[in-house]
Amino acid sequence: MKNRLLLRLCSIIGAGTVLLFWAIDILSSQAEQSMSFIAEQHKQELLSFAKQAEDVYVNQGEDALEAWLEILKHQEQTWAAVVTLKLEPLANAEVTEKYHGVVRLGRSVDWMIHLYLDYNPIMDIIFADQETHFLIQLPQRMRPGEYHAYANLAIQFILPLVLLSLLSLVLYQHLMSPLRKLEKATKQFSEGDFNVRVNASLDSRDDELTALADTFDHMADRTSKLINSQRQLLSDLSHELRTPLTRMDMAVDFVEQQIDPQKAIERLRYESANMRELVEDALTLAYLDTERPLLNDETFDLTELINVICEDSRFEYPNNLLTTNLPDQALIKNSSQRALGQAIENVIRNALHHTPATKHVTVSMSKTGNMYGLVIQDEGQGVPEELLEDIFKPFFRVDKARTLSDVQSELQLGQKRSGFGLGLALAQRQIEATKGNIKACNYYLQDGCKLGLRINIELPSSSAAS
């Protein structure tokens with residue numbers, strides 16, 4: 001699923017927002033509820049005022065009560081009174097006993113005092129006779145909700161800050177955990193640990209950051225392969241150059257000592273040509289491995305190209321039999337004639353080189369859908385099964401022992417050198433750069449005897465232009 005990380009973040013933020021508003025609503029209601037009642041201490045004071053008023057009224061009379069009320073009002077800076085309540089029915093209405101002493105002129109001390117009221121309510125405390133009421137406007141010092149403003153501040157500002165901070169921490173950890181792993185892997189990779197990978201530690205995730213880890217791993221794979229390939233190429237190149245350089249030194253000594261100088265000069269020319277070709281092939285291989293170019297800017301006839309290559313190869317290897325089975329025309333669009341020409345030429349010459357004289361090399365081509373299938377098979381010794389993939393590695397040769405007599409015979413007969421093991425490696429890179437592929441296999445007779453090597457090349461008739 002695309003945008004999985006976005007959906008996850010939206011879910012976390014959405015759930016956190018709902019939780020925040022729910023917590024604010026619940027806590028605000030509870031805070032208002034708990035702060036809307038008179039404190040127990042003040043309740044007892046109000047009840048004590050009512051008890052004193054009742055004692056003065058019963059024992060000392062109304063005049064003493066009036067004086068006491070004046071003192072109380074002055075002391076508490078409020079209003080207070082003692083009144084009687086008689087339920088006198090009208091129109092022959094009947095008032096049952098349960099209503100006596102229940103009807104109030106103000107609020108009971110146990111009732112809620114709404115914090116949004118802009119005035120202090122009248123408190124009503126009934127005397128023992130159930131008819132006389134002590135009324136007092138709640139003194140300001142006893143009004144509940146003194147810390148309501150601070151509670152609102154905490155609920156509406158501090159609580160959201162805490163919850164949003166926790167939410168941010170969760171999101172930060174969710175995002176930074178894989179990024180820290182990626183940072184650590186990048187640092188290790190930059191320090192030379194080319195085997196480090198990230199995605200293995202993110203199996204539990206499946207989002208955009210996992211895709212980023214996959215991209216990093218892909219980059220690390222390619223970069224490590226390129227670095228190792230370049231190191232191996234440099235090592236192999238230096239090894240391959242060491243032998244012709246030694247021969248050139250010997251040839252120079254022969255010239256200086258006038259020991260068969262003509263043959264020594266021929267040796268210098270031969271080794272110089274080989275070294276030039278080796279360096280050019282190595283540079284081309286390094287370019288194809290490093291840049292991975294897409295060669296798709298030409299249109300040409302593949303049949304015509306193969307016919308030209310085969311004619312040149314017959315001239316170069318006159319003792320071998322090279323036969324072709326090709327269609328009249330095989331048009332290829334958006335490809336590279338030069339790259340495919342070099343690749344196919346290397347494969348055909350490799351087949352001819354490893355095929356004994358009077359034996360056959362066959363080149364055939366067919367088309368299936370949008371793909372041309374090119375098959376080049378020889379009647380040489382084939383390749384051990386475990387080495388079929390290795391023949392496309394740079395500087396790989398099944399038989400690495402090239403004797404001095406082999407080189408001398410090439411020089412004497414004017415043959416092209418047997419190669420440094422770059423031909424098939426170059427062919428593979430060039431064919432892949434044109435969106436094709438190449439594979440090698442041995443082919444056998446019906447009795448199971450190995451007959452030779454078969455190279456299968458698949459090329460698209462039309463590649464997407466860049």
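**Reading a sheet, its helices and its side-chain pairs**

Student: Which residue stands opposite isoleucine 125 in E3?

Tutor: Phenylalanine 134 in E3 is the residue opposite isoleucine 125. Before we go on, remember that this is a predicted model: local features need pLDDT of at least 70 and side-chain atom pairs pLDDT 80 or more, while totals for chains, interfaces and linings use all residues. Residues are numbered from 1 along each chain as its sequence is written, and side-chain values use heavy atoms, without hydrogens and water.

Student: How many bridges join E2 to strand E3?

Tutor: First, the labels: strands (E, at least two residues) and helices (H or I, at least four) are DSSP runs numbered from the N terminus, and two strands pair if DSSP finds at least two bridges between them. Here, 5 bridges join E2 to E3, which spans residues 132-137, and the two run antiparallel.

Student: In what order do the strands of the sheet lie?

Tutor: The open sheet has 3 strands in the order E1-E3-E2, with antiparallel pairing. Its edges are E1 (80-84) and E2 (122-126), each pairing on one side only. From one strand to the next, the twist averages 25°; axes are lines fitted to C-alpha atoms, for helices over the stretch in contact, and angles run from 0 to 180 degrees between N-to-C directions.

Student: Which strands does helix H2 lie across?

Tutor: Contact means heavy atoms within 4.5 Å. Helix H2 (residues 40-59) lies across E1, E2 and E3, and runs at about 135° to E3. Helix H3 (residues 62-76) also packs on the sheet, where it touches E1 and E3, and its direction makes about 145° with that of E1.

Student: Now the rings. How many aromatic pairs does a search of the whole structure find?

Tutor: Rings of Phe, Tyr and Trp (its six-membered ring) pair if their centres lie within 6.5 Å; planes under 30 degrees apart are stacked, over 60 edge-to-face, and the rest tilted. The search finds 3 pairs. In one of them, tryptophan 68 and phenylalanine 134 have ring centres 6.4 Å apart and planes at 55°, so the pair is tilted. This pair links distant parts of the chain, 66 residues apart: tryptophan 68 is in helix H3 and phenylalanine 134 in strand E3.

Student: Is tryptophan 68 buried or exposed?

Tutor: Buried means under 20% relative accessible area, exposed over 50%, and partly exposed in between (1.4 Å probe, protein chains only). Tryptophan 68 has 16%, so it is buried. Phenylalanine 134, the residue we began with, is buried at 0%. Another pair joins phenylalanine 189 and phenylalanine 194: their centres are 5.2 Å apart and their planes at 70°, so this pair is edge-to-face. Phenylalanine 189 is buried at 12%, and phenylalanine 194 is buried at 15%. Ring pairs also bring in Phe216, giving a cluster of Phe189, Phe194 and Phe216.

Student: And how many salt bridges does the search find?

Tutor: Side chains of opposite charge can pair when their charged atoms come close. The cut-off for a salt bridge is a side-chain nitrogen of Lys or Arg within 4 Å of a carboxyl oxygen of Asp or Glu. The search of the whole structure finds 13. One of them joins aspartate 55 and lysine 51, at 3.9 Å from N to O. They are 4 residues apart in helix H2, so about one helical turn separates them. Aspartate 55 is partly exposed at 33%, and lysine 51 is partly exposed at 49%.

Student: What does glutamate 70 form a salt bridge with?

Tutor: Its partner is lysine 73, with the closest N and O atoms 3.2 Å apart. Glutamate 70 is partly exposed at 45%, as is lysine 73 at 22%.

Student: Is glutamate 271 buried or exposed?

Tutor: Glutamate 271 is buried, at 2%. Its salt bridge is with arginine 267, the closest N and O atoms being 2.9 Å apart. Both lie in helix H6 (residues 261-291), 4 residues apart, and arginine 267 is buried too, at 13%. Elsewhere, salt bridges link Glu40, Lys43 and Asp110 in a network.

Student: Where is confidence lowest in the protein chain?

Tutor: pLDDT is the predictor's confidence in each residue, from 0 to 100. The chain averages 82, and 88% of the residues score at least 70. Confidence is lowest in helix H9 (residues 404-413), with a mean of 43, and highest in strand E8 (residues 371-377), at 93. Over residues 400-418 pLDDT stays under 50. Where pLDDT is low, the predicted coordinates should not be read in detail.
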